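Please read this short report alongside the sequence and the 3D view. It covers a loop residue, a helix and a surface patch.

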Amino acid sequence: MIRLSRPRPAKRPGLVAMIDVIFLLIVFFMVAARLDQQEALPLSIAGAGAGGVWEGPPRLVEIGAQAVWLNGVSISLAELPEALAALMPDEAAPVIALPRAEATVADLARVIGELRGEGIERVILAPGGGP
């Protein structure tokens with residue numbers, strides 16, 4: 001008599017090897033991915049480095065949440081570059097940016113971006129947290 005063996009059940013693939021491969025792919029993509037690269041804002045920190053002589057009238061820009069003050073007087077962001085230009089002895093003169101306590105980084109970046117767009121490149125960041 002001929003014996004027929006019962007068909008063997010199909011062998012399942014090993015899950016441990018698949019999990020290892022998935023883990024390695026996750027690690028690879030985490031390392032290879034560009035993590036939200038942002039534009040750097042060129043700033044000087046007040047009090048850092050060699051001090052220079054201040055020339056011309058004060059140019060203090062206070063930055064709040066959706067508001068800007070130039071030398072203590074409220075001003076719109078659109079008017080700020082023109083008002084600063086009238087106070088600057090030359091194009092390379094510095095401007096001091098003072099973020100208030102309620103200001104966010106986005107507010108600071110928006111104001112500095114507006115100044116840079118109008119050709120005011122030298123911005124000194126003063127420690128914030130004012131009124």
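Buried means under 20% relative accessible area, exposed means over 50%, and partly exposed lies in between. This is a predicted model. Ser76 has a relative accessible area of 33%, so Ser76 is partly exposed.

Ser76 sits in the loop between β4 (73-75) and α2 (80-87). Gln66 is 10 residues away from Ser76 along the chain. The C-alpha atoms of these two residues are separated by 9.5 Å.

## Helix α2: two sides

Which residues of α2 are buried? They are Leu80, Pro81 and Leu84. These residues lie on the same side of α2, because they cover an arc of only 90 degrees around the axis. Glu82 and Ala86 are on the other side of α2, and they are exposed.

What covers the buried residues of α2? The cover includes four strands: β2 (60-64), β3 (67-70), β4 and β5 (95-99). The helix α3 (105-117) is also part of this cover.

## A nonpolar surface patch

Val21, Leu25, Phe28 and Phe29 make a nonpolar surface patch. The area of this patch is about 410 Å².

Val21, one of the patch residues, is found in helix α1 (residues 15-32).

Conventions:
Residues are numbered from 1 along each chain as its sequence is written. This is a predicted model: local features need pLDDT of at least 70, side-chain atom pairs count only at pLDDT 80 or more; totals for chains, interfaces and linings use all residues. Side-chain values use heavy atoms; hydrogens and water are left out. Buried means under 20% relative accessible area, exposed over 50%, partly exposed in between (1.4 Å probe, protein chains only). The arc is that of the directions from the helix axis to the C-beta atoms. Contact means heavy atoms within 4.5 Å. Patches are made of residues with over 30% relative accessible area and no salt bridge: like charges are joined within 9 Å, nonpolar side chains (Val, Leu, Ile, Met, Phe, Trp, Tyr) within 5 Å. Accessible areas come from the Shrake-Rupley method with a 1.4 Å probe; for residues, only the protein chains shown count as cover. A salt bridge is a side-chain nitrogen of Lys or Arg within 4 Å of a carboxyl oxygen of Asp or Glu.
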